[in-house]
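I opened the model today to look up its overall build and its strand pairing. My notes follow in the order I checked things.

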Amino acid sequence: MIDWTEVVRRSAEGNPAPPGRVEKTPDQWREHLPPDVFQVTRLAGTERPFSSDMCTLFGSGIYACACCDTVLFDATEKFDSGTGWPSFTQPMDDTTVAYIGDSSHGMVRIEATCAVCDAHLGHVFPDGPPPSGLRYCMNALALRRN
Ligand SMILES: [Zn+2]
């Protein structure tokens, strides 16, 4: 199970090889995605909190990358963070999420991206529930529930 120490290490030293790669040009992504999904995933946008009913959805299911369909999270790792963004404590496979240092907006944070297609997913914080202690604060627009 990945923990905060490992997340910080990967953001500084690099991420393990992903299970595969999907690469498209910005124009190809723009053609492939709805505008709001493009804005969040390819331009590192942030959707408004509480803008998706995915926040309050806790039934069984699998959450995949909205860009490349790589399976990222299982509903059993989802929890109610109260933040207005869908939140998870752990990815299903820890090589599908990549960690990147992000000092934008005057904050030092760790960005979570899809390791397969580089989609911006959201950020990871060390204040999640045990046992991982991690909170993956995700944009609902970056995920597709299957
Ligand atoms: Zn992806």
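I started with the radius of gyration, which is taken over C-alpha atoms; the globule rule is 2.2 Å times the number of residues to the power 0.38. For 146 residues, a compact globule would come out near 15 Å. I read 14 Å for this protein, which agrees with the rule. I keep in mind that this is a predicted model.

Next I looked up the box. Along the principal axes, the C-alpha atoms fill roughly 40 × 35 × 35 Å.

I then checked burial. Of the 146 residues, 34% are buried.

Contacts came after that. I took those between residues at least 6 apart in sequence, and 59% of them join residues at least 24 apart.

Then I turned to secondary structure. I noted three helices and nine strands. Along the sequence the pattern reads α-α-α-β-β-β-β-β-β-β-β-β.

Which strands form an open sheet, and in what order? I found three, ordered β2-β1-β9, with antiparallel pairing. The edges are β2 (71–74) and β9 (143–145). Each has a single partner strand, so one side of each is left without a neighbour in the sheet. From one strand to the next, the twist averages 30°.

Strand β1 covers residues 62–65 and is joined to β9 by three bridges. The two strands run antiparallel. Ala64 stands opposite Arg144 in β9. As a reminder to myself, strands of a sheet pair through backbone hydrogen bonds, either parallel or antiparallel.

Definitions and conventions
Residues numbered from 1 in each chain as written. Predicted model: local features only at pLDDT ≥ 70, side-chain atom pairs only at ≥ 80, totals over all residues. Helix = DSSP H or I, 4+ residues; strand = E, 2+ residues; numbered from the N terminus. Buried ≥ 20, exposed ≤ 12 C-beta atoms within 10 Å, placed from the backbone. Contact = placed C-beta atoms within 7 Å. Pairing = 2+ DSSP bridges. Axes fitted to C-alpha atoms, helices over the stretch in contact; angles between N-to-C directions.
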